[in-house]
Amino acid sequence: MLTDKLQAYRQRHSDFLQIQLTAIDPVCPRLHDAMRYAVLLGGKRVRPFLVYAVGEMLGAEAKNLDGAAAAIECIHAYSLVHDDLPAMDDDDLRRGQATCHKAFDEATAILAGDALQSLAFELISRPLAGVSAVVQLNMVRTLAQAAGAQGMCAGQSLDLQATNRHVDLDTLERIHHYKTGALIEAAVELGLLLASEVATNARADQQSWLETSHHLRQWARLIGLAFQVQDDILDVIGDTQVLGKQQGADAEQQKSTYPALMGLASAQGYLTELAQKALHALDAIPYNTEVLAAFTHYLITRDR
């Protein structure tokens, strides 16, 4: 079931993104090509999946989820392009292909990342039938906060500061709550926002909706951490060809990671603990959370 959902959402998302990028007048073809290269070639599409899965579970229409799913993937893709630059993580391989600055050049990669970030906010701010301006403004704010100095960018900066240093578990979790978790939590929040008026129109019990929102946010925070812990583990035990990026890069760059701090076995145990807590959060939600539960298991067993 999860495999079918992942494939269906990935295909819908890819088709939508293709249409949006094709509709752009390529004033500078090289920049346009770099944007397409960065956002369309491969990727797990975890964040778009979360927008679709949470939104549809709560009653939102798929067509109203497309823009938000595409927007958050554009933000994610831009972050990877910039992370891979020599001034940041200095990577040569991403998603099994040459990184954007290797396939094009550093200046073009920087501009492609900038342009993808702008495209994200263009996509998420387009009017949607049945979605109020207030909800859309909250969506824009959610994405902006998750991407910037209160979210992903802050986490990346903290991560760079922690390189070649020993940090404790609380500090490491703080780094990854922002670096990785912020966009994952934002994807869930976008699904919630797009379904909020459906729930209101259906006269759903307000207290039940607030509790559902609370437990979904709790789940999102836990899987955001679990996603990063598994990423760190795969950097130790994974295979470069499967991962699509250089295995062992974290250790080579002396990054602060869960296996480096806790040891591999303890990191694997911690991953299981986070997953169990996430599943417990889902148990409290009065909707069919089977897809989200399966996705939780997928996150901790994936090999890339």
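Let's start with D92 and K102, whose side chains meet in a salt bridge at 3.8 Å, N to O. (A salt bridge here is a side-chain nitrogen of Lys or Arg within 4 Å of a carboxyl oxygen of Asp or Glu.) This pair links distant parts of the chain: D92 sits in the loop between α4 and β1 (93–94), K102 lies in helix α5 (residues 100–103), and they are 10 residues apart. Helices (H or I, at least four residues) and strands (E, at least two) are DSSP runs, numbered from the N terminus. D92 counts as partly exposed, because its relative accessibility is 47%. On this scale, buried means under 20% relative accessible area, exposed means over 50%, and partly exposed is in between (1.4 Å probe, protein chains only).

Before going on, a word about what you're looking at. This is a predicted model, where local features need pLDDT of at least 70 and side-chain atom pairs count only at pLDDT 80 or more, while totals for chains, interfaces and linings use all residues. Residues are numbered from 1 along each chain as its sequence is written, and side-chain values use heavy atoms, leaving out hydrogens and water.

Now look at R12 and D66, joined by a salt bridge at 2.8 Å, N to O. R12 belongs to helix α1 (residues 2–23) and D66 to helix α4 (residues 62–83), 54 residues apart. R12 is partly exposed at 34% relative accessibility, whereas D66 is buried at 7%.

Next come E189 and R217, with a salt bridge at 2.7 Å, N to O. Here helix α9 (residues 169–201) holds E189 and helix α10 (residues 206–237) holds R217, 28 residues apart. E189 is buried at 17%, and R217 is partly exposed at 41%.

Finally, R45, E73 and R95 are linked in a network of salt bridges. Across the whole structure, the search finds 12 salt bridges.
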